[in-house]
Amino acid sequence: VELLSGLLSPVGQTSLLGPVSTMRRYHTARVSLADVEAVCRAFDVTLNDVALTAITAAFRTILLSRGETPDHGSLRTLVPVSVRDTGDPDALDTPDNRVSVMLPLLPVDRANPRDQLRIVHRRMNRAKSSGQKQAGSSAMGAAGAVPFPVTAWTVRTLVRLPQRGVATLATNVPGPKSRLQVLGRNVIRMYPIPPIALQLRIGIAMLSYADEFTFGVVADYDSAPDVDVLAAGIE
């Protein structure tokens, strides 16, 4: 019920939603993983909480710069979460995606970063305990049992429908903790690239690698020329 309500409840008039062209802008924000972990320890929150709070602050900046008033319901965010059991060796060896989704409202109406962090932490815990994560996982599992042609037709149909319940995407993937090599060459940096669709004009992917935490921001070229402001705001 919560997931369906979130998907069907409009977020209101916002420049973050609307038609998407075929061209994209891409910017990154890179921060020290040690700095993020220090905030986690200081406030007893998760890395994902800190990352979502940085996104909240950045979106507040970009909305204000566009002359919009951020309110309580401005930024319902699609947050994919892993449901893989890290304690199950078989699960770790199976190369598949085991994800669910949550739809928290990020507090862009709050100006104080500490308030934003506390609210994000509370809302994410509430979303997990309310069953959103389990419900999303069940829906994903059910979709996996449907024949592919039916799934493909359903997805194409949904993409054509107007979508005003979700304003953006924020997905976080833990990357390798040690530095890697490819053909004897060091992998200096990894850049995550999220998709955008369903009238979402901006999507953000996050990836940790070694001692760095990187945000990759993809935006519609025509409607988000100021996406560099968003990346700078995250940093």
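1. How many helices and strands are there in the protein chain? The chain has 8 helices and 8 strands, where helices (H or I, at least four residues) and strands (E, at least two) are DSSP runs numbered from the N terminus.

2. This is a predicted model, in which local features need pLDDT of at least 70, side-chain atom pairs count only at pLDDT 80 or more, and totals for chains, interfaces and linings use all residues. Residues are numbered from 1 along each chain as its sequence is written, and side-chain values use heavy atoms, with hydrogens and water left out.

3. Among contacts (heavy atoms within 4.5 Å) between residues at least 6 apart in sequence, 73% join residues at least 24 apart.

4. Helix α3 covers residues 47-65, and its 19 residues should span 27 Å at 1.5 Å a residue, which agrees with the 27 Å between its end C-alpha atoms. The expected span is 1.5 Å times one less than the number of residues. Helix α3 is mostly covered, with 14 of its 19 residues buried. G67, which follows α3, has a positive phi, near 80 degrees.

5. Helix α5 (residues 113-129) packs against α3 at an angle of about 125 degrees, the axes being 9 Å apart. Axes are lines fitted to C-alpha atoms, for helices over the stretch in contact, and angles run from 0 to 180 degrees between N-to-C directions. The angle makes α3 oblique to α5 (under 35 degrees is roughly parallel, over 145 roughly antiparallel, 65 to 115 roughly perpendicular, and the rest oblique). The crossing of α3 and α5 is right-handed, that is, the near helix is turned clockwise from the far one by less than a right angle, anticlockwise being left-handed.

6. On the α3 side, N48, D49, V50, L52, T53, T56, A57 and R60 meet P113, Q116, L117, V120, H121 and M124 of α5. This contact comprises 7 nonpolar, 5 polar and 2 charged residues (Ala, Val, Leu, Ile, Met, Phe, Trp, Tyr, Cys and Pro are nonpolar; Asp, Glu, Lys and Arg charged; the others, Gly among them, polar).

7. Helix α8 (residues 227-234) also crosses α3, at roughly 140 degrees, and the axes come within 8 Å. That makes α3 oblique to α8. The crossing is right-handed. A54, I55, A58, F59, T61 and I62 in α3 meet V229, L230, G233 and I234 in α8. By class, the residues of this contact are 8 nonpolar and 2 polar, with no charged ones.

Key: Buried < 20%, exposed > 50% of the residue type's maximum accessible area, 1.4 Å probe, protein only.
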